[in-house]
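Here are my notes on the model you passed along.

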Amino acid sequence: MVTKLVHASFMFKTFSPEDLETLSSILELVKFETGQEIFTQNDSADSMYFIKYGTVQVNHRTESGDDLQVAVLGTGSHFGEMSFLDVARRMATATAVEHTEVVRISFKNLQKLFEVHPALASKFHQAVAQTLASRLRTTTRDLSRNKASKTLHL
């Protein structure tokens, strides 16, 4: 059941069944209760997540102390992959909104897997980059619409 979630993910649409089976060897199912933090802003990042069941809210705390809701993600969504590419600290806090089960992929285990399967590493990096590019396009479009809307109402 855990591997089916990753197999169905848009992020891995170009992966072969063999690639997905190899990747599934490092998947871990983790459960969170309502209100439990999955990770906290400024934490060291060590994993990415796929939501098997439940809802996760992602908030960013600004320098002035305001909490901004970045996203509310449901079953089938994934998050936490940005730090895989740049090894930076978490930019937001992810919290379970309800009982939530996630599939965790440890970056450490992923790197070990890539040492044995270098072709998989290339595919994985490309998949993460495409996912982040898609999210950036969506964010840019949303910001443009928001700015246009405010300009029209002046």
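1. Is Lys 52 buried, partly exposed or exposed? Lys 52 is partly exposed, with a relative accessible area of 22%. Keep in mind that this is a predicted model, so treat everything below as computed from it.

2. The side chain of Lys 52 meets that of Glu 101 in a salt bridge, at 3.5 Å from N to O. This pair links distant parts of the chain, with Lys 52 sitting in strand E3 and Glu 101 in strand E8, 49 residues apart.

3. Asp 46 is partly exposed, with a relative accessible area of 40%.

4. Next, Arg 61 and Asp 67. They form a salt bridge too, and here the closest N and O atoms are 2.8 Å apart. Arg 61 counts as partly exposed at 46% relative accessibility, and Asp 67 is partly exposed as well, with a relative accessible area of 44%. Elsewhere, salt bridges that share partners join Glu 28, Asp 46 and Arg 104 into one network.

5. Have a look at the loop between strand E2 (37–39) and strand E3 (47–53), which is where you'll find Asn 42. This residue has a positive phi of about 80 degrees, although it is not a glycine. Asn 42 is exposed, with a relative accessible area of 52%.

6. On to strand pairing. E2 pairs with strand E7 (residues 93–96) in the antiparallel sense, over 2 bridges. E4 and E7 also run antiparallel, and 4 bridges join them. Thr 95 in E7 is a handy landmark: Glu 37 stands opposite Thr 95, and Gln 57 stands opposite Thr 95 as well.

7. Now the pockets. The largest pocket holds about 790 Å³ of space. Its lining has 23 residues, and Val 58, Val 70, Ala 71, Met 82 and Arg 135 are the ones nearest the centre. By class, that lining splits into 12 nonpolar, 8 polar and 3 charged residues.

8. H5 has the largest share, with 6 residues.

9. The second largest pocket has a volume of about 180 Å³. Its lining includes Ser 9, Phe 10, Met 11, Lys 13 and Thr 14, along with Gly 76, His 78 and Arg 135. H5 gives the most to this lining, with 5 residues. Here the classes come out as 3 nonpolar, 7 polar and 2 charged.

Note on methods:
Residues are numbered from 1 along each chain as its sequence is written. This is a predicted model: local features need pLDDT of at least 70, side-chain atom pairs count only at pLDDT 80 or more; totals for chains, interfaces and linings use all residues. Side-chain values use heavy atoms; hydrogens and water are left out. On a 1 Å grid over the protein atoms alone, a cavity is a set of points where a 1.4 Å probe fits but cannot get out, and a pocket is an open set with protein on both sides within 12 Å along at least five of seven lines; lining residues have an atom within 4 Å of a point. Grid points are joined across faces, edges and corners, and a volume is the space filled by probe spheres set on the points. Ala, Val, Leu, Ile, Met, Phe, Trp, Tyr, Cys and Pro count as nonpolar, Asp, Glu, Lys and Arg as charged, and the others, Gly among them, as polar. Buried means under 20% relative accessible area, exposed over 50%, partly exposed in between (1.4 Å probe, protein chains only). Two strands pair if DSSP finds at least two bridges between them. A salt bridge is a side-chain nitrogen of Lys or Arg within 4 Å of a carboxyl oxygen of Asp or Glu.
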